[in-house]
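Visitor: I have a model to look at and would like to understand how its features get their names. Could you walk me through it?

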Amino acid sequence: MTAVVGTRMLRKEDPELLTGEARYVDDLVIPGALHLAIVRSTYAHATIKSVDVSAALAQPGVVAAFSGADLRPEWAGPMPCAWPVTEDMLNPEHFPIAVHTACYVGDAVAVVVAETDVAARDAAELVEVDFDVLPAVVDLEDALSDRVLVHEALGTNRSYTWELIPDADAVEEAFANASHTVVERYVQQRLIPSAMETRGVVAVPAVYGGEITLYTSTQIPHILRVLAALTVGVSESKLRVVAPSVGGGFGSKLDVYAEELLCLALARRLRRPVRWSEDRMENTQATIQGRGMIQHMELAADADGRVTAVRARLLADMGAYLQLVTPGIPLLGAFLYGGVYDIPAYSFVCTGVFTTKTPTDAYRGAGRPEATYALERAMDALARQVGVDPAEIRRRNFIHPDQFPYSSSGGLIFDSGNYEPALARAMEMAGYDQVRSDQAARRSAGATKHLGIGLSSYVEMCGLAPSRVLSALRYVAGGWESSTVRFLPTGKVQVVTGTTPHGQGHETSWSMIVADQLGVSPDDVEVLHSDTSIAPHGMDTYGSRSLSVGGTALWLATEKVIDKAKLIAAHQLEVAAEDLDYAGGTFTVKGSPDRTMAIGAVAFEAFTAHNLPDGLEPNLEASSHWDPPNFTFPFGTHICVVEVDEETGKVDVLKYVAVDDCGTQINPLIIEGQVHGGIVQGAAQALFEEAIYDEDGNLVTSSLADYLVPSAADFPSMQTDTTVTPSPTNPMGVKGVGEAGTIAAAPAVMNAIIDALSPFGITDIDMPATPQRIWTAIKQSTDASGASGASGAGASGASGANGASGAGANGGPR
């Protein structure tokens, strides 16, 4: 049978999704369901003096209405934070509805339950909340000063400080002896994940027996089941969590949300199904936001530009509360501020700070895009100082292939890598030398539209395992994954997986792995997932872990099936098991090619159990739990070519090239799709997206009319290619690719913009690089120099999160 792994097989999931047969939470027909509406704070910081729900209760169709104080007895504990990153981390109690103080605009302060969604929303507008408004704090550095305390009881806005400094003396010595030092300040603006499907929840209690089913648009049904049971106080054995079709997540649905807990608690209390659907404005305020960070980045280098030390210091915006993994998100990049480079000395310090804004948490890449951005921007700054091309500074610092497995100064062991071929291929595809030639010609001609080319070479850690490492990092959960493979009597195969796809194509990829292992058609493989009653064991989908952990668990389960089938086939063919060869779904007696038995026939024999070896159980089924020995480390190089109009500040992306290495490839078509989507999300941070708050803590960009999400028209066709460097940490050699595009794109785009603006002496602009910010930076530079095209003057470093950055002086024009 022809192998399917490595082919561009079309996704099995797509016909159902494209024809409208897929069912999302809002599509579920639940007879008798009540509708939940949430009253949210209109102030970023306010004491709740009183909540009056009487007017809401008087409305037709309203069944119940509650304040936070009314529902406080429903909670067995506060909402969970699963990552207490330090022993002394401060974590304020956070309940699904605020009881005493609202801490951000959108914080829930009351709920209304009614027979229809319209009745619930209308009645919610009649709830009267008497607030005593308190000062807001939205700026990270201001919050760190404790001028305004978000949580008075904590006595500070500092949640934690986490350090990774293996050898402080080595870092100090490297900087003291450096021929070149780079000192940069970058701002990672807040982002709104904006999944196509907003969140939705339905809790359905059984009439008898106490069981309750929670349908929710989540990435983590298994984790949610455990933590919801603990928070609401329901028996885990009575709670079933189902994630139906999920319209995108990007980390924003990797959480335990107040609305899920509210629907559970109210369904139990009212003994009727309760459902809630998020509108788009709620989505911008009540669903977590991403990024939100100030990065102080320093490099020490010798005279040739070889980096001898990196020193990163972060201020990370937690928002008002710690959600499921909020404090750990910046630390997922903590080990990667050295990137693909052989850097001997390392220092990383992160301080998490509370503000009166929506909580932050995982967003595509989660800590790793931030690390790559800071490092790749700093590497370009170093290239300017040394006076070499950005590609050359990278070549001089790459970890060499013969150094793998590589013990990084950040404490990780990189499994495999070969970085130079990815850079070389990307430069070839981009026409790098020709772009440089065209750039020089334009500058000589005095053109007002400037070419820029930007590089980003990245490495990321995927898999989020092993469990022992997660324990050392104080993460509450493990990093294993589970799979069951069941060969049915008719020759079809059922797969039960603990991963929970929401756009990644697991049904296709898992079918391809099984097809090659068991010699069946991918169409004969059914993949069951995202239901804790069908797949009781799982750690879900996030962090590019599904293939390297869940896919490996699946592969190991097929190996167990083959091993058992081999015993049955040997018994049927009256030979020893070691006398059988196996290939393409068929067992063959060694030396007797005519004596064969197909594994499908073995499955039927295992079902009838008429003639099995003594002591062997009926049926052909096996399960595997895989806890990897290490992370996996995909890598690559992306190159962006832009044109910047100095008269308007407009940026046009002319070309984008991506060369990624995710190890062994299961389906190149799916890889391309993941990379394409990731690139656009990363480029959107560089060019378009920013969650902007005013000084009172109001989200100014609270709708898609104000928050710019790119469309296909905003980006050119992307050119992608791959190299293949298998991982030695799992038997398939796979790594991960779901976040690669997002990790690499923002620095590639921003480096290209800064490169285009180098004749003006501009070395930094805050993201997003809007036309206004670029035009302002050019004007400031030309005003300071007195003439267009002269080297600009100005302070090095970026401005605040919402301000335009001026020109920098960290190196002159190239």
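Guide: Gladly! Bear in mind that this is a predicted model.

Visitor: What makes strand 2 and strand 6 a pair?

Guide: Two strands pair if there are at least two bridges between them. Six bridges join strand 2, residues 46–52, to strand 6, so the pair meets that definition. The two strands run antiparallel.

Visitor: Which strands make up the sheet, and in what order?

Guide: The sheet is open and has three strands in the order 4-2-6, with antiparallel pairing.

Visitor: Why are strand 4 and strand 6 said to stand at the edges?

Guide: Strand 4 (101–102) and strand 6 (128–133) each have a single partner strand, so one side of each has no neighbour in the sheet.

Visitor: What span should helix 19 have, and what does the model show?

Guide: At 1.5 Å a residue, the 17 residues of helix 19 (residues 740–756) should span 24 Å; the end C-alpha atoms are 25 Å apart, which agrees.

Visitor: How many cavities of 30 Å³ or more are there, and what lines the largest cavity?

Guide: There are 11 cavities of 30 Å³ or more, and the largest holds about 120 Å³ of space. Its lining has 15 residues, with His-94, Tyr-104, Ala-258, Ala-286 and Gln-323 nearest the centre. That lining divides into 10 nonpolar, two polar and three charged residues.

Key
Residues numbered from 1 in each chain as written. Predicted model: local features only at pLDDT ≥ 70, side-chain atom pairs only at ≥ 80, totals over all residues. Heavy atoms only, no water. Helix = DSSP H or I, 4+ residues; strand = E, 2+ residues; numbered from the N terminus. 1 Å grid on protein atoms, 1.4 Å probe; cavity = no way out; pocket = protein on both sides within 12 Å on 5 of 7 lines; lining within 4 Å. Points joined across faces, edges and corners; volume = space filled by probe spheres on them. Nonpolar A, V, L, I, M, F, W, Y, C, P; charged D, E, K, R; others polar. Expected span 1.5 Å × (residues − 1).
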